[in-house]
Amino acid sequence: MTIPKGKQLRGTTRAETARQAADLYGQGCTIRSVAAQIGRSYGCTRALLLEAGVRLRDRGGRLWKAAV
């Protein structure tokens with residue numbers, strides 16, 4: 001589910017988006033790629049991943065998957 005940019009994510013929508021972002025990141029997508037797929041900024045996506053309890057990969061590693 002993509003929420004239009006400029007709209008705040010709250011409650012169950014935020015939790016659902018965080019789970020979706022975590023799933024994509026867990027499949028090997030980069031944060032930037034996940035952000036493009038869920039229609040959020042890099043910073044918002046990173047915050048959602050951290051809220052979801054995801055351990056972020058080290059920087060500068062191999063790029064896994066590009067955005068669709």
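Q: How does helix 1 pass helix 2, in a left-handed or a right-handed crossing?
A: In this predicted model, helix 1 passes helix 2 in a right-handed crossing.

Q: Which residues make the contact?
A: From helix 1, they are T17, Q20, A21, L24 and Y25. Helix 2 contributes I31, V34, Q37 and I38.

Q: And by class, how many are nonpolar, polar or charged?
A: The contact of helix 1 with helix 2 has six nonpolar residues and three polar ones, with no charged residues.

Q: What numbers describe two packed helices in general?
A: The angle between their axes and the distance between the axes.

Q: OK, what are the angle and the axis distance for helix 1 and helix 2?
A: Helix 1 covers residues 11-26 and helix 2 covers residues 31-38. They pack at an angle of about 135°, and their axes are 10 Å apart.

Q: What is T17 in contact with, leaving aside neighbours within four places in sequence?
A: L9, I38 and L48.

Q: What is a disulfide, anyway?
A: A covalent bond between the sulfur atoms of two cysteines.

Q: What about C29, buried or exposed?
A: C29 has 4% relative accessibility, so it counts as buried.

Q: And how does C44 count?
A: C44 counts as partly exposed, because its relative accessibility is 22% and buried means under 20%.

How values were computed:
Residues numbered from 1 in each chain as written. Predicted model: local features only at pLDDT ≥ 70, side-chain atom pairs only at ≥ 80, totals over all residues. Heavy atoms only, no water. Axes fitted to C-alpha atoms, helices over the stretch in contact; angles between N-to-C directions. Helix = DSSP H or I, 4+ residues; strand = E, 2+ residues; numbered from the N terminus. Left-handed = near helix turned anticlockwise from the far one by under 90°. Contact = heavy atoms within 4.5 Å. Nonpolar A, V, L, I, M, F, W, Y, C, P; charged D, E, K, R; others polar. Buried < 20%, exposed > 50% of the residue type's maximum accessible area, 1.4 Å probe, protein only.
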